[in-house]
Amino acid sequence: MSKKAKRPDKEESKFISRLLKLGIDTNLPIVMPNSELMKVLGVLFNDMNFWPQVEHLYPNIWRQIKPPAEYYDLALDWFSEPIDTVDYDLIVESIRFGKQEIEDFATYLDCLTMLHKRRRKYSMILSAQPLPTMVQISPRSLMEYGFTDSRALASWLTWRKFFFDLDNRSAQETGYLFEPILTAALGGISQSARHKVVKRSGDSSKGRQVDCWKVLADGRQLAYEFKLRVTIAASGQGRFKEELQFAEDCKDSGACPILLVLDPTMNPRLKDLQNAFESKGGMAYIGNDAWAHLESEAGPTMALFLEKYVRKPISDISKFEDESEIKQNHQNLLNLEAQYSNDELILKLGDVVRKIKRAEDERFSDDSSTDLFDDDN
């Protein structure tokens with residue numbers, strides 16, 4: 001390899017800039033240093049069993065970027081440890097090498113860095129999310145006031161709201177991550193309503209947001225709707241009518257509607273949605289069929305990413321919910337203990353202890369109750 005990479009063109013520069021940054025115009029920006037991106041590249045090369053080639057090309061740097069474990073077993077601190085002799089030219093050269101040698105390298109790298117940046121951001125949220133104030137939570141005491149000691153009730157309300165805030169932020173970050181990964185795996189692009197690739201049947205001047213828009217070689221147009229799950233909850237009835245209408249709008253716009261639901265739990269609402277898509281000439285992939293469709297469309301490289309970074313973690317966690325326990329409306333949860341101080345949060349679940357360093361930051365305050373994993377997401 002040359003000692004100095006050829007100057008990157010505009011597309012290469014834009015791509016690398018996107019890899020390094022997240023939410024740069026928000027009050028919570030993430031900017032990775034070159035050395036951190038280089039370690040993410042090390043994870044990718046390791047995933048692809050490409051380490052002998054990389055070690056040969058970069059004998060000095062490889063010892064510093066080769067991960068000592070699988071990605072999910074690595075502490076975020078490993079990525080932030082500095083590396084000597086890593087500069088922008090080396091990143092350019094490494095990405096060019098990867099694109100040349102590995103199919104769908106850029107898509108895999110894009111998705112892996114998206115995942116990594118979101119995990120970094122959520123780690124910051126865990127450390128900095130402020131405790132709720134009494135102004136926020138004291139009105140909620142009316143539901144339980146008098147049932148227990150007032151100081152205990154104040155702590156209960158505070159813990160409850162604090163955990164809710166953390167869970168809500170986790171749902172938001174995961175929601176922002178999921179759609180781009182699935183869209184990239186399918187080889188499509190997200191389209192906002194303003195692009196009007198799918199128009200509303202009752203008003204063609206208005207468009208519909210499309211999670212993944214894909215045009216096949218024969219000219220057929222596919223419009224995907226992604227769902228993590230569909231429940232029978234009573235909320236969001238108006239929104240559910242919008243979901244049913246989506247399939248008809250696609251057909252009238254000349255596109256094939258495709259429903260993709262990762263949770264296989266069947267219920268009347270999901271059945272209605274499935275029927276709506278299929279009756280308009282579309283398709284519905286649910287549960288294992290959805291994963292199989294994603295993997296068949298993704299190709300071997302991105303199928304590996306989906307299995308390794310998305311499906312396996314979800315499956316590993318889901319296995320702790322035993323079907324027989326669900327039927328009895330019971331789950332065998334570990335005992336929870338929580339301790340809070342100004343500089344540390346200590347959580348004990350069964351015999352497992354987790355310590356989180358704390359430094360509250362008001363930029364992380366968020367009173368929004370929006371959950372991107374509601375009934376229709």
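Predicted model: local features only at pLDDT ≥ 70, side-chain atom pairs only at ≥ 80, totals over all residues.

Mentor: Residues are numbered from 1 along each chain as its sequence is written, and side-chain values use heavy atoms, with hydrogens and water left out.

Trainee: What makes H9 roughly antiparallel to H12?

Mentor: Helix H9 (residues 150-186) packs against helix H12 (residues 288-318) at about 150 degrees, with the axes 8 Å apart. Angles over 145 degrees count as roughly antiparallel, so H9 and H12 get that name.

Trainee: Which residues of H9 meet H12?

Mentor: Contact means heavy atoms within 4.5 Å. In H9 they are Phe178, Ile181, Leu182, Ala185 and Leu186; their partners in H12 include His293, Glu297 and Phe305. By class, this contact of H9 with H12 has twelve nonpolar, one polar and one charged residues (Ala, Val, Leu, Ile, Met, Phe, Trp, Tyr, Cys and Pro count as nonpolar, Asp, Glu, Lys and Arg as charged, the others, Gly among them, as polar).

Trainee: Why are H2 and H7 called oblique to each other?

Mentor: The axes of helix H2 (residues 34-47) and helix H7 (residues 105-128) cross at roughly 125 degrees and come within 10 Å. Under 35 degrees is roughly parallel, 65 to 115 roughly perpendicular, and the rest, apart from roughly antiparallel, oblique. H2 and H7 are therefore oblique.

Trainee: Which classes make up the contact of H2 with H7?

Mentor: Residues of H2 such as Glu36 and Asp47 meet residues of H7, among them His116 and Arg120. The contact divides into ten nonpolar, two polar and three charged residues.

Notes. Axes fitted to C-alpha atoms, helices over the stretch in contact; angles between N-to-C directions. Helix = DSSP H or I, 4+ residues; strand = E, 2+ residues; numbered from the N terminus.
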